[in-house]
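Student: I have a structure open and I'd like to learn how to read it. Could you walk me through it?

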Amino acid sequence: MKSEALVLGIETSCDETAIGIVRGRTLLANVIASSVDEHARFGGVVPEVASRAHLEAIIPALDRAIKEAKISFADLDALAVTAGPGLIGALLVGTSSATGLVLASGKPIYAVNHLAAHVSVDALTHDAPLRPTIALLVSGGHSSLLKINDITGNIEKLGQTLDDAAGEAFDKIARLLELGFPGGPAIDALAKSGKKDAIDFPRGLTHAKDSEKHLFDFSFSGLKTAVARYIEATPTAKKSDVAASFQEAVVDVLISKALLACTQSGIDSLVIAGGVAANSRLREVAAERAAKSGVELRIPAPLLCTDNGAMVAALGSLMVSAGASASTIDFSADSAMSVLEVAR
Ligand code: KG4
Ligand code: ZN
(Lines give C-alpha, C1' and ligand atoms only; values in the text may rest on other atoms or scores of the structure.)
(Ligands and ions follow the chains in the order given, each with its own letter.)
Protein backbone atom coordinates (compact mmCIF):
# COMPACT_ATOMS: atom_id res chain seq x y z
CA MET A 1 0.00 0.00 0.00
CA LYS A 2 1.20 3.52 -0.78
CA SER A 3 2.08 5.56 2.31
CA GLU A 4 -0.34 8.28 1.22
CA ALA A 5 -3.49 6.18 1.02
CA LEU A 6 -6.55 7.67 -0.65
CA VAL A 7 -9.44 6.87 1.68
CA LEU A 8 -13.17 7.66 1.59
CA GLY A 9 -14.99 7.82 4.94
CA ILE A 10 -18.71 7.39 5.52
CA GLU A 11 -20.39 8.77 8.65
CA THR A 12 -24.09 8.26 9.44
CA SER A 13 -24.21 7.66 13.20
CA CYS A 14 -26.57 10.53 14.05
CA ASP A 15 -28.11 13.27 11.93
CA GLU A 16 -25.25 14.08 9.55
CA THR A 17 -24.90 12.12 6.33
CA ALA A 18 -21.24 12.84 5.82
CA ILE A 19 -18.61 11.74 3.33
CA GLY A 20 -14.97 12.72 3.60
CA ILE A 21 -12.03 11.93 1.36
CA VAL A 22 -8.41 12.19 2.49
CA ARG A 23 -5.04 11.40 0.97
CA GLY A 24 -2.73 10.49 3.83
CA ARG A 25 -3.13 13.42 6.24
CA THR A 26 -4.55 15.79 3.62
CA LEU A 27 -8.25 16.61 3.44
CA LEU A 28 -9.62 16.49 -0.13
CA ALA A 29 -13.38 16.61 0.43
CA ASN A 30 -15.75 17.03 3.35
CA VAL A 31 -19.43 16.84 2.38
CA ILE A 32 -21.99 17.10 5.17
CA ALA A 33 -25.75 16.83 4.59
CA SER A 34 -27.48 17.43 7.92
CA SER A 35 -31.08 16.55 8.72
CA VAL A 36 -30.99 18.78 11.81
CA ASP A 37 -33.79 21.03 10.56
CA GLU A 38 -36.14 18.04 10.36
CA HIS A 39 -35.51 17.29 14.06
CA ALA A 40 -35.58 20.84 15.40
CA ARG A 41 -39.33 20.93 16.07
CA PHE A 42 -39.03 17.76 18.17
CA GLY A 43 -36.22 19.27 20.28
CA GLY A 44 -33.88 16.35 19.58
CA VAL A 45 -32.85 13.84 16.93
CA VAL A 46 -35.69 11.45 15.97
CA PRO A 47 -34.00 8.16 14.99
CA GLU A 48 -36.48 7.12 12.29
CA VAL A 49 -36.41 10.57 10.69
CA ALA A 50 -32.60 10.46 10.71
CA SER A 51 -32.47 7.03 9.02
CA ARG A 52 -34.80 8.12 6.23
CA ALA A 53 -32.81 11.30 5.69
CA HIS A 54 -29.58 9.27 5.43
CA LEU A 55 -31.16 7.03 2.78
CA GLU A 56 -32.05 10.05 0.67
CA ALA A 57 -28.77 11.88 1.18
CA ILE A 58 -26.08 9.24 0.97
CA ILE A 59 -25.73 8.71 -2.80
CA PRO A 60 -25.78 12.45 -3.63
CA ALA A 61 -23.24 13.04 -0.84
CA LEU A 62 -20.95 10.31 -2.22
CA ASP A 63 -21.17 11.80 -5.71
CA ARG A 64 -20.46 15.32 -4.44
CA ALA A 65 -17.46 14.23 -2.36
CA ILE A 66 -15.85 12.39 -5.27
CA LYS A 67 -16.39 15.44 -7.46
CA GLU A 68 -15.05 17.81 -4.80
CA ALA A 69 -11.92 15.67 -4.31
CA LYS A 70 -11.41 15.53 -8.10
CA ILE A 71 -10.83 11.78 -8.01
CA SER A 72 -12.66 8.79 -9.37
CA PHE A 73 -14.00 6.00 -7.17
CA ALA A 74 -11.57 3.56 -8.78
CA ASP A 75 -8.61 5.61 -7.44
CA LEU A 76 -9.53 4.89 -3.79
CA ASP A 77 -7.17 2.65 -1.83
CA ALA A 78 -9.66 1.93 0.94
CA LEU A 79 -13.03 2.81 2.45
CA ALA A 80 -13.84 3.52 6.09
CA VAL A 81 -17.24 3.64 7.74
CA THR A 82 -18.57 4.39 11.22
CA ALA A 83 -19.67 1.06 12.71
CA GLY A 84 -20.72 2.62 16.04
CA PRO A 85 -21.61 3.96 18.50
CA GLY A 86 -24.74 5.78 17.34
CA LEU A 87 -28.36 5.30 16.34
CA ILE A 88 -28.62 1.78 14.97
CA GLY A 89 -30.95 2.59 12.06
CA ALA A 90 -28.73 5.50 11.07
CA LEU A 91 -25.53 3.44 11.35
CA LEU A 92 -27.04 0.70 9.19
CA VAL A 93 -27.56 3.06 6.26
CA GLY A 94 -23.84 3.86 6.28
CA THR A 95 -22.58 0.35 6.90
CA SER A 96 -24.82 -1.28 4.30
CA SER A 97 -23.92 1.35 1.72
CA ALA A 98 -20.25 0.71 2.50
CA THR A 99 -20.72 -3.04 2.22
CA GLY A 100 -22.38 -2.58 -1.15
CA LEU A 101 -19.47 -0.47 -2.37
CA VAL A 102 -17.00 -3.10 -1.15
CA LEU A 103 -18.88 -5.93 -2.84
CA ALA A 104 -18.93 -4.00 -6.10
CA SER A 105 -15.30 -2.84 -5.97
CA GLY A 106 -13.35 -5.35 -3.87
CA LYS A 107 -11.71 -2.47 -1.99
CA PRO A 108 -10.61 -2.96 1.64
CA ILE A 109 -12.89 -1.51 4.30
CA TYR A 110 -12.21 -0.33 7.85
CA ALA A 111 -15.30 -0.45 10.10
CA VAL A 112 -14.27 2.12 12.67
CA ASN A 113 -15.35 3.69 15.94
CA HIS A 114 -16.99 7.12 15.72
CA LEU A 115 -15.31 8.31 18.93
CA ALA A 116 -11.81 7.28 17.87
CA ALA A 117 -12.55 8.98 14.55
CA HIS A 118 -13.33 12.26 16.39
CA VAL A 119 -9.79 12.15 17.83
CA SER A 120 -8.21 10.99 14.55
CA VAL A 121 -9.31 14.08 12.67
CA ASP A 122 -6.31 15.72 14.35
CA ALA A 123 -4.21 14.06 11.62
CA LEU A 124 -5.73 16.46 9.06
CA THR A 125 -4.55 19.53 10.98
CA HIS A 126 -1.14 18.37 12.20
CA ASP A 127 1.64 16.75 10.21
CA ALA A 128 3.35 15.36 13.30
CA PRO A 129 1.69 12.14 14.46
CA LEU A 130 0.06 12.19 17.88
CA ARG A 131 2.43 11.29 20.67
CA PRO A 132 0.83 9.38 23.54
CA THR A 133 -1.78 11.94 24.54
CA ILE A 134 -4.70 12.61 26.82
CA ALA A 135 -7.92 13.11 24.86
CA LEU A 136 -10.99 14.93 26.11
CA LEU A 137 -13.83 13.63 23.99
CA VAL A 138 -16.97 15.73 24.33
CA SER A 139 -19.92 15.16 22.02
CA GLY A 140 -23.69 15.00 22.13
CA GLY A 141 -23.73 11.35 23.15
CA HIS A 142 -20.42 10.84 24.96
CA SER A 143 -18.03 12.57 27.30
CA SER A 144 -14.86 10.84 28.34
CA LEU A 145 -11.24 11.30 29.23
CA LEU A 146 -8.97 8.91 27.40
CA LYS A 147 -5.31 8.04 27.36
CA ILE A 148 -4.38 7.47 23.74
CA ASN A 149 -1.25 5.36 23.42
CA ASP A 150 -1.95 4.68 19.74
CA ILE A 151 -5.15 5.91 18.10
CA THR A 152 -5.23 2.93 15.73
CA GLY A 153 -5.59 0.41 18.53
CA ASN A 154 -4.42 1.23 22.04
CA ILE A 155 -6.76 3.46 24.05
CA GLU A 156 -7.34 3.50 27.81
CA LYS A 157 -10.37 5.03 29.48
CA LEU A 158 -9.63 7.26 32.48
CA GLY A 159 -13.15 8.51 33.10
CA GLN A 160 -16.53 9.27 31.62
CA THR A 161 -19.79 11.02 32.37
CA LEU A 162 -22.00 9.34 34.93
CA ASP A 163 -25.14 10.90 33.46
CA ASP A 164 -25.51 13.45 30.63
CA ALA A 165 -22.88 13.98 27.95
CA ALA A 166 -21.48 17.52 27.80
CA GLY A 167 -23.26 18.25 24.51
CA GLU A 168 -26.48 16.84 25.90
CA ALA A 169 -26.19 19.27 28.83
CA PHE A 170 -25.81 22.17 26.35
CA ASP A 171 -28.85 20.92 24.41
CA LYS A 172 -31.00 20.56 27.54
CA ILE A 173 -30.12 23.98 28.95
CA ALA A 174 -30.76 25.52 25.53
CA ARG A 175 -34.23 23.98 25.64
CA LEU A 176 -34.84 25.53 29.09
CA LEU A 177 -33.74 28.89 27.68
CA GLU A 178 -35.92 28.33 24.58
CA LEU A 179 -32.95 28.64 22.22
CA GLY A 180 -33.88 25.77 19.91
CA PHE A 181 -31.95 22.65 18.87
CA PRO A 182 -29.05 21.90 18.74
CA GLY A 183 -28.29 23.97 21.79
CA GLY A 184 -24.50 24.10 21.84
CA PRO A 185 -23.96 26.69 19.11
CA ALA A 186 -26.92 28.79 20.40
CA ILE A 187 -25.55 28.92 23.96
CA ASP A 188 -22.05 29.62 22.64
CA ALA A 189 -23.39 32.63 20.71
CA LEU A 190 -25.66 33.99 23.46
CA ALA A 191 -22.99 33.59 26.15
CA LYS A 192 -20.80 36.11 24.36
CA SER A 193 -23.07 38.92 25.56
CA GLY A 194 -23.49 37.51 29.09
CA LYS A 195 -21.47 37.61 32.31
CA LYS A 196 -19.70 34.33 32.93
CA ASP A 197 -19.44 34.99 36.66
CA ALA A 198 -23.02 36.25 37.09
CA ILE A 199 -24.19 32.99 38.70
CA ASP A 200 -22.03 30.52 40.59
CA PHE A 201 -23.32 27.21 39.19
CA PRO A 202 -22.05 23.91 40.67
CA ARG A 203 -19.05 22.07 39.23
CA GLY A 204 -20.00 18.38 39.39
CA LEU A 205 -17.62 15.76 40.85
CA THR A 206 -14.93 18.28 41.74
CA HIS A 207 -15.12 18.04 45.54
CA ALA A 208 -12.48 16.39 47.67
CA LYS A 209 -14.85 13.49 48.39
CA ASP A 210 -15.13 12.76 44.65
CA SER A 211 -11.41 12.52 44.07
CA GLU A 212 -11.10 8.92 45.15
CA LYS A 213 -13.71 7.28 42.93
CA HIS A 214 -14.50 9.91 40.33
CA LEU A 215 -11.37 11.95 39.78
CA PHE A 216 -11.72 11.76 35.99
CA ASP A 217 -15.48 11.25 35.72
CA PHE A 218 -18.01 13.93 34.88
CA SER A 219 -21.57 14.62 35.99
CA PHE A 220 -23.77 17.34 34.55
CA SER A 221 -27.18 16.43 35.98
CA GLY A 222 -26.71 18.49 39.18
CA LEU A 223 -25.72 21.49 37.08
CA LYS A 224 -28.78 21.02 34.88
CA THR A 225 -31.06 20.95 37.94
CA ALA A 226 -29.33 24.02 39.40
CA VAL A 227 -29.86 25.96 36.16
CA ALA A 228 -33.53 24.87 35.96
CA ARG A 229 -34.14 25.96 39.59
CA TYR A 230 -32.37 29.27 39.01
CA ILE A 231 -34.49 30.06 35.94
CA GLU A 232 -37.68 29.17 37.81
CA ALA A 233 -36.76 31.25 40.85
CA THR A 234 -35.40 34.22 38.90
CA PRO A 235 -37.84 35.10 36.10
CA THR A 236 -36.01 38.36 35.49
CA ALA A 237 -32.65 36.64 34.95
CA LYS A 238 -30.87 37.62 31.77
CA LYS A 239 -30.70 34.59 29.48
CA SER A 240 -27.25 35.61 28.32
CA ASP A 241 -25.94 35.60 31.92
CA VAL A 242 -27.44 32.14 32.54
CA ALA A 243 -25.93 30.84 29.28
CA ALA A 244 -22.49 32.32 30.02
CA SER A 245 -22.42 31.10 33.64
CA PHE A 246 -23.64 27.61 32.69
CA GLN A 247 -21.07 27.38 29.89
CA GLU A 248 -18.31 28.53 32.26
CA ALA A 249 -19.21 25.77 34.76
CA VAL A 250 -19.06 23.07 32.06
CA VAL A 251 -15.85 24.38 30.51
CA ASP A 252 -14.16 24.79 33.90
CA VAL A 253 -14.81 21.16 34.88
CA LEU A 254 -13.86 19.73 31.48
CA ILE A 255 -10.56 21.59 31.20
CA SER A 256 -9.58 21.19 34.87
CA LYS A 257 -10.02 17.43 34.71
CA ALA A 258 -8.33 17.10 31.31
CA LEU A 259 -5.24 18.98 32.50
CA LEU A 260 -5.20 17.06 35.77
CA ALA A 261 -5.17 13.85 33.72
CA CYS A 262 -2.13 15.21 31.85
CA THR A 263 -0.28 16.05 35.05
CA GLN A 264 -1.14 12.78 36.79
CA SER A 265 -0.10 10.61 33.86
CA GLY A 266 2.98 12.66 33.03
CA ILE A 267 1.71 13.35 29.50
CA ASP A 268 2.19 16.87 28.16
CA SER A 269 -0.18 16.59 25.21
CA LEU A 270 -3.95 17.15 25.12
CA VAL A 271 -6.38 16.67 22.24
CA ILE A 272 -9.94 17.94 22.58
CA ALA A 273 -12.43 16.44 20.14
CA GLY A 274 -16.16 16.02 19.49
CA GLY A 275 -18.92 18.56 18.86
CA VAL A 276 -18.45 20.47 22.12
CA ALA A 277 -14.80 21.10 21.17
CA ALA A 278 -16.26 23.64 18.70
CA ASN A 279 -17.27 25.79 21.70
CA SER A 280 -15.45 29.11 21.55
CA ARG A 281 -15.12 29.58 25.32
CA LEU A 282 -13.84 26.02 25.77
CA ARG A 283 -11.18 26.67 23.12
CA GLU A 284 -10.17 29.92 24.83
CA VAL A 285 -9.93 28.46 28.35
CA ALA A 286 -8.16 25.34 27.10
CA ALA A 287 -5.55 27.44 25.29
CA GLU A 288 -4.91 29.67 28.33
CA ARG A 289 -4.67 26.88 30.87
CA ALA A 290 -2.75 24.41 28.68
CA ALA A 291 -0.11 27.08 28.03
CA LYS A 292 0.22 27.71 31.77
CA SER A 293 0.60 23.97 32.41
CA GLY A 294 3.13 23.48 29.62
CA VAL A 295 0.81 21.11 27.78
CA GLU A 296 0.70 21.00 23.99
CA LEU A 297 -2.94 21.53 22.98
CA ARG A 298 -4.52 20.29 19.77
CA ILE A 299 -8.13 21.09 18.89
CA PRO A 300 -9.45 20.50 15.36
CA ALA A 301 -11.03 23.37 13.42
CA PRO A 302 -14.68 23.82 14.54
CA LEU A 303 -16.12 22.25 11.36
CA LEU A 304 -14.03 19.14 11.98
CA CYS A 305 -15.16 18.91 15.64
CA THR A 306 -18.82 18.27 14.90
CA ASP A 307 -19.73 15.06 13.05
CA ASN A 308 -18.13 14.71 9.61
CA GLY A 309 -16.88 12.08 7.21
CA ALA A 310 -13.32 13.42 7.06
CA MET A 311 -12.65 12.13 10.56
CA VAL A 312 -13.72 8.64 9.54
CA ALA A 313 -11.53 8.80 6.44
CA ALA A 314 -8.67 10.11 8.60
CA LEU A 315 -8.89 7.14 10.95
CA GLY A 316 -9.06 4.80 7.93
CA SER A 317 -5.95 6.44 6.53
CA LEU A 318 -4.09 6.07 9.86
CA MET A 319 -5.12 2.39 9.98
CA VAL A 320 -3.73 1.87 6.47
CA SER A 321 -0.40 3.50 7.29
CA ALA A 322 -0.17 1.51 10.55
CA GLY A 323 -0.53 -1.68 8.48
CA ALA A 324 -3.71 -2.66 10.35
CA SER A 325 -5.76 -5.43 8.79
CA ALA A 326 -8.98 -4.41 7.11
CA SER A 327 -12.39 -5.51 8.44
CA THR A 328 -14.09 -8.56 7.00
CA ILE A 329 -17.21 -7.85 4.96
CA ASP A 330 -19.50 -9.46 7.57
CA PHE A 331 -18.75 -6.80 10.22
CA SER A 332 -21.79 -5.54 12.09
CA ALA A 333 -22.87 -2.09 13.23
CA ASP A 334 -23.02 -1.65 17.01
CA SER A 335 -25.02 1.17 18.57
CA ALA A 336 -23.09 0.77 21.86
CA MET A 337 -19.59 0.15 20.42
CA SER A 338 -17.02 0.79 23.16
CA VAL A 339 -14.51 3.59 22.68
CA LEU A 340 -11.80 1.02 23.38
CA GLU A 341 -12.68 -0.87 20.20
CA VAL A 342 -11.11 1.30 17.49
CA ALA A 343 -12.18 -0.90 14.57
CA ARG A 344 -13.83 -4.29 14.06
O1 KG4 B 1 -19.83 15.18 17.94
P2 KG4 B 1 -21.18 15.70 17.60
O3 KG4 B 1 -21.35 16.50 16.34
O4 KG4 B 1 -22.24 14.55 17.54
C5 KG4 B 1 -22.18 13.45 18.41
O6 KG4 B 1 -21.35 12.53 18.16
O7 KG4 B 1 -22.94 13.50 19.41
O8 KG4 B 1 -21.65 16.57 18.85
C9 KG4 B 1 -22.89 17.22 18.86
C10 KG4 B 1 -23.02 18.00 20.14
C11 KG4 B 1 -24.39 18.60 20.35
O12 KG4 B 1 -24.82 18.30 21.66
C13 KG4 B 1 -24.15 20.10 20.17
O14 KG4 B 1 -25.02 20.90 20.93
C15 KG4 B 1 -22.72 20.22 20.64
O16 KG4 B 1 -22.07 19.07 20.14
N17 KG4 B 1 -22.08 21.42 20.08
C18 KG4 B 1 -21.64 22.45 20.85
C19 KG4 B 1 -21.18 23.44 19.95
N20 KG4 B 1 -21.32 22.97 18.67
C21 KG4 B 1 -21.88 21.73 18.78
N22 KG4 B 1 -21.63 22.60 22.18
C23 KG4 B 1 -21.14 23.76 22.66
N24 KG4 B 1 -20.70 24.77 21.87
C25 KG4 B 1 -20.68 24.65 20.52
N26 KG4 B 1 -20.23 25.65 19.75
ZN1 ZN C 1 -19.80 12.71 17.07
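This is a predicted model: local features need pLDDT of at least 70, side-chain atom pairs count only at pLDDT 80 or more; totals for chains, interfaces and linings use all residues.

Student: I'll start with the metal. Which protein atoms are the donors of the zinc ion (ligand 2)?

Tutor: For a metal site, list the donor atoms and their distances. Here the zinc ion (ligand 2) has His114 (NE2), His118 (NE2) and Asp307 (OD) as its protein donors, at 2.0 to 2.1 Å. Along the chain, these donors are spaced as H-x3-H-x188-D. Histidine 118 belongs to helix α4 (residues 114-120), while aspartate 307 sits in the loop between α10 (302-305) and α11, so this pair ties together parts 189 residues apart in sequence.

Student: Are histidine 118 and aspartate 307 buried or exposed?

Tutor: The cut-off for buried is under 20% relative accessible area. Histidine 118 has 1% relative accessibility, so it counts as buried. Aspartate 307 is buried too, because its relative accessible area is 14%. For contrast, take aspartate 197, in the loop between α6 and α7 (221-233). Its relative accessibility is 65%, so aspartate 197 counts as exposed.

Student: Now the domains. How is the protein chain divided?

Tutor: Domain 1 takes 6-123 + 305-321, and domain 2 takes 132-299. Their C-alpha centres are 27 Å apart. In the contact, domain 1 contributes 18 residues and domain 2 contributes 20 residues.

Student: And how much area do domain 1 and domain 2 bury between them?

Tutor: Interface size is often given as the accessible area lost when the parts come together. In this model, domain 1 and domain 2 bury about 1400 Å² between them, and 77% of that is on carbon and sulfur atoms. On the domain 1 side, Leu115, Val119 and Cys305 supply 36% of the area buried against domain 2, more than any other three residues.

Student: How many salt bridges does the rule find across the interface of domain 1 and domain 2?

Tutor: The rule finds one across that interface. The structure as a whole holds 19 salt bridges. A pair to look at is aspartate 122 with arginine 298, whose closest N and O atoms are 2.7 Å apart. It links distant parts of the chain: aspartate 122 is in the loop between α4 and β6 (133-138), and arginine 298 is in strand β10 (residues 296-298), 176 residues apart. Both aspartate 122 and arginine 298 are buried.

Student: What about lysine 239 and glutamate 178: how far apart are their closest N and O atoms?

Tutor: Those atoms are 3.8 Å apart, and the pair forms a salt bridge. Lysine 239 is in helix α8 (residues 239-265) and glutamate 178 is in the loop between α5 (166-176) and α6 (183-191), so the pair ties together parts 61 residues apart in sequence. Lysine 239 counts as partly exposed because its relative accessibility is 37%. Glutamate 178, at 67% relative accessible area, is exposed.

Student: And which residue forms a salt bridge with lysine 209?

Tutor: Aspartate 210 does, with the closest N and O atoms 3.5 Å apart. Lysine 209 is exposed, at a relative accessible area of 69%, whereas aspartate 210 is buried at 8%. Salt bridges can also share partners: Asp122, Arg131, Asp268, Glu296 and Arg298 are joined into one network that way.

Student: Last topic, helices. What span should helix α11 (residues 310-321) have?

Tutor: Compare the expected span with the distance between the end C-alpha atoms. At 1.5 Å a residue, the 12 residues of α11 should span 16 Å, and the end C-alpha atoms are 16 Å apart, which agrees. In α11, 11 of the 12 residues are buried, including Met311, Leu315 and Met319. Just after α11, glycine 323 has a positive phi of about 75 degrees.

Student: And which elements do the buried residues of α3 pack against?

Tutor: They pack against β1 (6-11), α2 (47-69), β4 (78-84) and β5 (109-113). Among the buried residues of α3 are Leu91, Val93 and Val102. Helix α3 (residues 88-105) has 18 residues and reaches 25 Å from first to last C-alpha, close to the expected 26 Å.

Conventions
Residues are numbered from 1 along each chain as its sequence is written. Chains are lettered from A and ligands numbered from 1 in the order in which they are written. Side-chain values use heavy atoms; hydrogens and water are left out. Helices (H or I, at least four residues) and strands (E, at least two) are DSSP runs, numbered from the N terminus. The expected span of a helix is 1.5 Å times one less than its number of residues. Buried means under 20% relative accessible area, exposed over 50%, partly exposed in between (1.4 Å probe, protein chains only). Donors are N, O and S atoms within 2.8 Å of the metal (3.2 Å for Na, K and Ca); water is not among the atoms, so sites may look incomplete. Domain bounds come from an automatic or database domain assignment. Contact means heavy atoms within 4.5 Å. Buried area is the accessible area (1.4 Å probe) that two parts lose on being put together, summed over both. A salt bridge is a side-chain nitrogen of Lys or Arg within 4 Å of a carboxyl oxygen of Asp or Glu.
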